[in-house]
Amino acid sequence: MRFLLAAALLALTACKQPSQPVQADNSHASTPLALPTKVKDIPAGISIQGKLLQALRWQDKSGDNLLLLSQAEGDFQPSKDGSDDVRDAHVYAAHYLLSADKPRRLWLLQDGVEQCMFDVAAEFDLAAIHVADLDGDGVMETIVAYRQICTSDVSPYNYKLILHAGKAKYGLRGTDRFGVTWRDADTGQLSGTPLLADCSRSSQQALLNSKKTGGFDELPLPGCYADEKDFAGALPAFLSAMRQQWHSLMQQQEVEWRKNL
């Protein structure tokens, strides 16, 4: 079928690989499909919302899997009350199990920002997209991350790192490192909120109490998440992997941001 032909083009296309701080089970490797992937190459029965951004396909104990990520950003339109021009931005992710009959959607994630009169964004962090058999049961778990914001200044984005294990969903939700470090125009020294290696509430509160947060006075602090409540009933391996992934991504963001200062 046409989808399989598209996958075969992988050998001819150099794709940027997402970083993978979580150790994957190499017996079930995901394959990034060559992009831009044409919608006509997606199996019948699957609809794409917005612009297709990333497609991953892999085989595991559950069968033939397909993960699709897409984004959509609208033009300025009058607000609901007609007082201002506003825009929306959305992200969509969907996991399908493919079969000879028809694709079956395992889960759908959709989120975004609506009615924003300032700079708006909702976008996936491709460095975070990852699949791995974290619990060793032969079925891959998926990790996706995205950022979103509605602001008129340089501010950290709301950041969400989401793990799906089958239909179960677990997440770490906080803010990223965008705009939290700056260089003093007179001295040339870097200032800002330190990046914590421990996002526990006690660690964040201790930094907040120190008055060395660069003007940020609410939790979660930039580069940290609010809590780990989603993982109360999850396997320990899931939380361990997500902590590792979160801190690795924040460290990468810190390095990238400082390069531009």
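Visitor: How far apart are the sulfur atoms of Cys-199 and Cys-224?
Guide: In this predicted model, they sit 2.2 Å apart and form a disulfide.

Visitor: Which hand does that link have?
Guide: Left-handed, with -90° about the S-S bond.

Visitor: And where in the chain are the two cysteines?
Guide: Cys-199 is in the loop between β13 (190–192) and α2 (201–209), while Cys-224 is in the loop between α2 and α3 (236–259). The pair links distant parts of the chain, 25 residues apart.

Visitor: Is Cys-224 buried or exposed?
Guide: Cys-224 is buried, at 0% relative accessible area. Cys-199 is buried too, at 3%.

Visitor: How many disulfides does the count come to?
Guide: It comes to 2. Cys-116 and Cys-150 form a disulfide as well, with sulfur atoms 2.0 Å apart. The torsion about that S-S bond is about 90°, so this disulfide is right-handed.

Visitor: What does that pair tie together?
Guide: Cys-116 lies in strand β6 (residues 104–116) and Cys-150 in strand β9 (residues 141–151), so parts 34 residues apart in sequence get tied together. Cys-116 is buried at 0%, whereas Cys-150 counts as partly exposed at 37%.

Visitor: Switching topic: what does the side chain of Arg-57 contact?
Guide: The side chain of Asp-64, through a polar contact of 2.4 Å. Arg-57 is in strand β2 (residues 51–60).

Visitor: Why does Arg-57 count as buried?
Guide: Because its relative accessible area is 14%, and buried means under 20%.

Visitor: How many helices and strands overall?
Guide: The protein has 3 helices and 13 strands, and 46% of its 261 residues are buried.

Notes: Residues are numbered from 1 along each chain as its sequence is written. This is a predicted model: local features need pLDDT of at least 70, side-chain atom pairs count only at pLDDT 80 or more; totals for chains, interfaces and linings use all residues. Side-chain values use heavy atoms; hydrogens and water are left out. Helices (H or I, at least four residues) and strands (E, at least two) are DSSP runs, numbered from the N terminus. Buried means under 20% relative accessible area, exposed over 50%, partly exposed in between (1.4 Å probe, protein chains only). A polar contact is a pair of N or O atoms within 3.5 Å; within protein, one must be able to donate a hydrogen and the other to accept it, and residues adjacent in sequence count only if both atoms are side-chain atoms. A disulfide is a pair of cysteine sulfur atoms within 2.5 Å.
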